[in-house]
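Please examine the model shown here. What can be said about its fold and its charged side chains?

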Amino acid sequence: MLLFERYYGGTLSEKMLGQGLKALGVPRNEYIVSTKCGRYVEGFDFSAERVTKSIDESLARLQLDYVDILQCHDIEFGSLDQIVNETIPALRKLKEAGKIRFIGITGLPLGVFTYVLDRVPPGAVDVILSYCRYSINDSTLADLLPYLKSKGVGVISASPLAMGLLTENGPPEWHPASPELKSACEAAAAFCKEKGKNISKIAMQYSLSNKDISSVLVGMNSVRQVEENVSAATELATFGKDQETLSEVEAILIPVKNQTWPSGIQQS
């Protein structure tokens, strides 16, 4: 899956992906492209008019006739009733027109998913993207999985490294976690390093182990990170997860388990 958002880089991500796919010449049915709507450089706009215009802009940048998944992004920043009554119906029209294959919604608070899914027609939403809610330090998404399965909705769990908390380098300055949570994750990372382990690999394998999660989405910005993530997945499939180290990390994080932060992240 190739997941891009027009908001990132002021639409540059879509342009670069479109150029890359065209240069590669890979048959369209051999890859999945997902992009987002609703959040723009100028702010949030979940109106039917804007999301309809948005997909045409994205397709032009991507140089594609359709995207596989269009996700309505960070819906907690809009009116959920507008999402239900205006945005989702507009996306269903785009689906009927053949411009998108599947409809998704994304957000940080898990309650936004139940609110929308309980109010739209069955099958109107195909997939949800939840981030930072299924990692070693916060596994609250697990409680929602039976509900999502009952609705026939696929699950993408993003940020298994908790936006940098579960890495040796630690999170970026803007990370909204509490000092207590940051400190605990730093201690867990140091513990792993002392054992000759990498906390990022342990965290990746933890998230990948749940078979009720359709896809795990992790960001990568170098060839080395791609290789490390592939290695983590390959080792998991071959040998299983490192349960001993995972249990030790979980013990360190017990005091901050499932501690989250307010939505509204503004990255600089």
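The questions and answers below concern a predicted model.

Q: How many helices and strands does the protein chain have?
A: The C-alpha trace of the protein chain spans about 55 × 40 × 35 Å along its principal axes. The secondary structure within the protein chain comes to nine helices and nine strands.

Q: What is the radius of gyration of the protein chain?
A: For 268 residues the globule rule gives 18 Å, and the computed value is close to that, so the protein chain is as compact as a globular protein of that length. The radius of gyration is 19 Å.

Q: Among contacts between residues at least 6 apart in sequence, what percentage join residues at least 24 apart?
A: Buried residues account for 47% of the 268 residues in the protein chain. Of the contacts between residues at least 6 apart in sequence, the share that joins residues at least 24 apart is 75%.

Q: How far apart do the centres of the positive and negative side chains lie?
A: The protein chain carries 27 positive and 32 negative side chains. The distance between the centres of the two sets is 4 Å.

Q: How many salt bridges does the structure hold?
A: Side chains of opposite charge can pair when their charged atoms come close. In this structure, the number of salt bridges is 16.

Q: Which residue forms a salt bridge with Asp-56?
A: The closest N and O atoms of Asp-56 and its partner are 2.8 Å apart. The pair links distant parts of the chain, 43 residues apart, with Asp-56 in helix H2 and the partner in the loop between helix H3 (80-96) and strand E6 (100-107).

Q: What is the distance between the closest N and O atoms in the salt bridge of Lys-195 with Glu-248?
A: Lys-195 lies in the loop between helix H6 (179-194) and helix H7 (199-208), and Glu-248 lies in helix H9 (residues 243-253), so the pair ties together parts 53 residues apart in sequence. Lys-195 is partly exposed at 31% relative accessible area, and Glu-248 is partly exposed at 28%. The closest N and O atoms are separated by 2.6 Å.

Definitions and conventions. Residues numbered from 1 in each chain as written. Predicted model: local features only at pLDDT ≥ 70, side-chain atom pairs only at ≥ 80, totals over all residues. Heavy atoms only, no water. Salt bridge = Lys/Arg side-chain N within 4 Å of Asp/Glu carboxyl O. Helix = DSSP H or I, 4+ residues; strand = E, 2+ residues; numbered from the N terminus. Buried < 20%, exposed > 50% of the residue type's maximum accessible area, 1.4 Å probe, protein only. Rg over C-alpha atoms; globule rule 2.2 N^0.38 Å. Contact = heavy atoms within 4.5 Å. Lys, Arg positive; Asp, Glu negative; His and termini not counted. Charge placed at Lys NZ, Arg CZ, Asp CG, Glu CD.
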